Amino acid sequence: MSSTETNHIIQVKDLTKQFGTFTAVDHITFEVERGEIFGFLGANGAGKTTAMRMLCGLSYPTSGNGTVAGFDVVKEGEKIKRHIGYMSQRFSLYDDLTVMENMELFGGIYGVKRRELKKRATTLLQKLKFIEERDTMVKALPLGWKQKLAFAVATLHSPEIVFLDEPTGGVDPITRRQFWEMIYQAASQGTTIFVTTHYMDEAEYCNRISMMVDGKIKALDTPANLKKSYNAASIDEVFRTLARDAQRGD
Amino acid sequence: MDTSTLAIEVKGISKSYGTVKALDKVSLDVRRGEIFGLIGPDGAGKTTLFKILVTLLNADEGTATVDGLDIVKDYRTIRSRVGYMPGKFSLYPDLTIEENMEFFATLFGVTVEQNYDLVAPIYKQIEPFKKRRAGRLSGGMKQKLALSCALIHKPSVLFLDEPTTGVDAVSRSEFWDMLHNLREQGLSILASTPYMDEASRCDRIALCNTGRVLDIDSPQHMVEKFDGRIYGIKSHNMYDLLKELRDNRCISSCYTAGEYHHLLAGAGFDLGDLKQRLIAKGHSDVEIKSIVPNIEDIFIKLLSNEQY
């Protein structure tokens, strides 16, 4: 079954990753629908990063199966990499290249044709009101701008799904909100968003969220349903209830 | 105020890196036995201020004292009186937990046993793994070890630069519990954080952005003196709702804030009127309630007054 024929952009069953005797990700099974904003939450050491690496084609599962953007997570890691967008807080853009050079570099890596690339980059920069900064070195930009630009770069090749790994860490509250509006906008145009965050208010912006504890997905639902089933006033409270039982990590 | 009642006194400190002004005439006081929070995003100047106060960096202008001592003249004495936990993990990864502790104790001419009582509540949580190398610890354990090492010489003032960044919500809350215990033992603490929700765990806070202090007060008083009315609002379509509210002239500003958007009421704002208007525009499940502003609301308002 290919995910392109279904409504699921991610579909994994019993996905597991072992490092020696340690089971980092332990039989996780879930689906993400097309166009959804999906929040992937978990305590430190719960296995989020390892799971995300498998979903992005950067690491192969020890067992289990599934597809991301229509490609097999067991066999087609390379194809997955080419068809998704990825942005992390830690690495996103080259400081010593200009705004436009970064766009050309990443667009080129993802195989966007030169003429098409120029057009798309210009449109994106205009939308961000960045066009005057096209020849500015990235290192001279404020952090908030860099993050917004990094998101634009991650979606330059029009991927069906974008993975965002703590995209708003350390960003001021206004810029953080502007960033989420970019996410909303991309989602409203059909791009699926898969996002991790430590800000619990951001979890509320997701259509559905999953919470990982000790390598397993302990809860997965809409924020409203999660609060209802855990009889909690906020997602923060749901998270605390679940994470308190964690054996692993800290 | 008599200087001796202050753990830290900062007067007009500025520091530039090339053309970037990292700190712009920053002044603040930290009282003895207080937990003072430096709250702001990356680029606010938090780390630069820490480095200046622990005497690792010279300021371009301004003066400061730590534990009543001048940061320039008395830098040697200050170094023995402060505990400093930098933002980046700075212990020796190839030494074990135990060896790191002994190393830092020796540097300050004390023994681990001598001050064991002070670090015990924190150190006991990692002591079962004391033969493990520091480089192989989880984030939370590294954080506890770094705090233990910063405390082992029984400092009078503790500097914690973003001790909870990248740490999950539960571990963050536990970390603040530990700081409250330390305060009970008489330590003065200056801690920085980008997480606005941690403000409530501090006695007083400074909200800072791009090298400047926007306001200093207790978190409670900041909320009390907030000038304006904030409402939480939601409907079935949050993104459309946001765009809709921004077009409303009776609303000064509106932004996302979790389950509800927050809006700042402007002139002519009427709750019933707004609700009807939204329903007429096709919004369903509209809910509006008056709310007490949180530190993030305050920060956003202070920032909007300035630059945005």
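Mentor: Two strands pair if DSSP finds at least two bridges between them. Keep that cut-off in mind for this predicted model.

Trainee: What makes β1 and β2 of chain A a pair?

Mentor: Strand β1 (residues 8-19) and strand β2 (residues 22-33) of chain A share 8 bridges. The cut-off is at least two, so they count as paired. The sense is antiparallel, and A:His8 stands opposite A:Glu33 in β2(A).

Trainee: What do β1(A) and β2(A) form, and what is found in the turn?

Mentor: They form a hairpin, with 2 residues between the strands. A:Gly20 in the turn has a positive phi of about 60 degrees.

Trainee: How do you know that β1(A) also pairs with β4(A)?

Mentor: Strand β4 (residues 63-68) of chain A is joined to β1(A) by 5 bridges, in the antiparallel sense. At least two are required, so this too is a pair. A:Val12 has A:Gly66 in β4(A) as its bridge partner.

Trainee: Turning to chain B, what makes β6 and β10 edge strands?

Mentor: The open sheet there has 6 strands in the order β6-β7-β8-β3-β9-β10, with mixed pairing. β6 (82-85) and β10 (212-217) of chain B each have a single partner strand, so one side of each is left without a neighbour in the sheet. From one strand to the next, the twist averages 15 degrees.

Trainee: How do you know that β3(B) and β8(B) are paired?

Mentor: Strand β3 (residues 35-39) and strand β8 (residues 188-193) of chain B run parallel and are joined by 5 bridges. Again the cut-off is at least two, so the pair stands. B:Leu38, for one, has B:Ser192 in β8(B) as its bridge partner.

Trainee: Which strands does helix α5 of chain B touch?

Mentor: Helix α5 (residues 139-151) of chain B packs on the sheet and touches β6 and β7 (157-160) of chain B. Contact means heavy atoms within 4.5 Å. The direction of α5(B) makes about 160 degrees with that of β6(B). α10(B) also packs on the sheet, touching β3, β9 (204-209) and β10 of chain B, and its direction makes about 40 degrees with that of β9(B).

Trainee: How do you know that the second largest pocket draws on both domains of chain B?

Mentor: Its lining takes at least three residues from each of domain 1 (3-224) and domain 2 (230-292) of chain B. The C-alpha centres of those two domains lie 40 Å apart.

Notes:
Residues numbered from 1 in each chain as written. Chains lettered and ligands numbered in written order. Predicted model: local features only at pLDDT ≥ 70, side-chain atom pairs only at ≥ 80, totals over all residues. Heavy atoms only, no water. Domains from an automatic or database assignment. Helix = DSSP H or I, 4+ residues; strand = E, 2+ residues; numbered from the N terminus. Axes fitted to C-alpha atoms, helices over the stretch in contact; angles between N-to-C directions.
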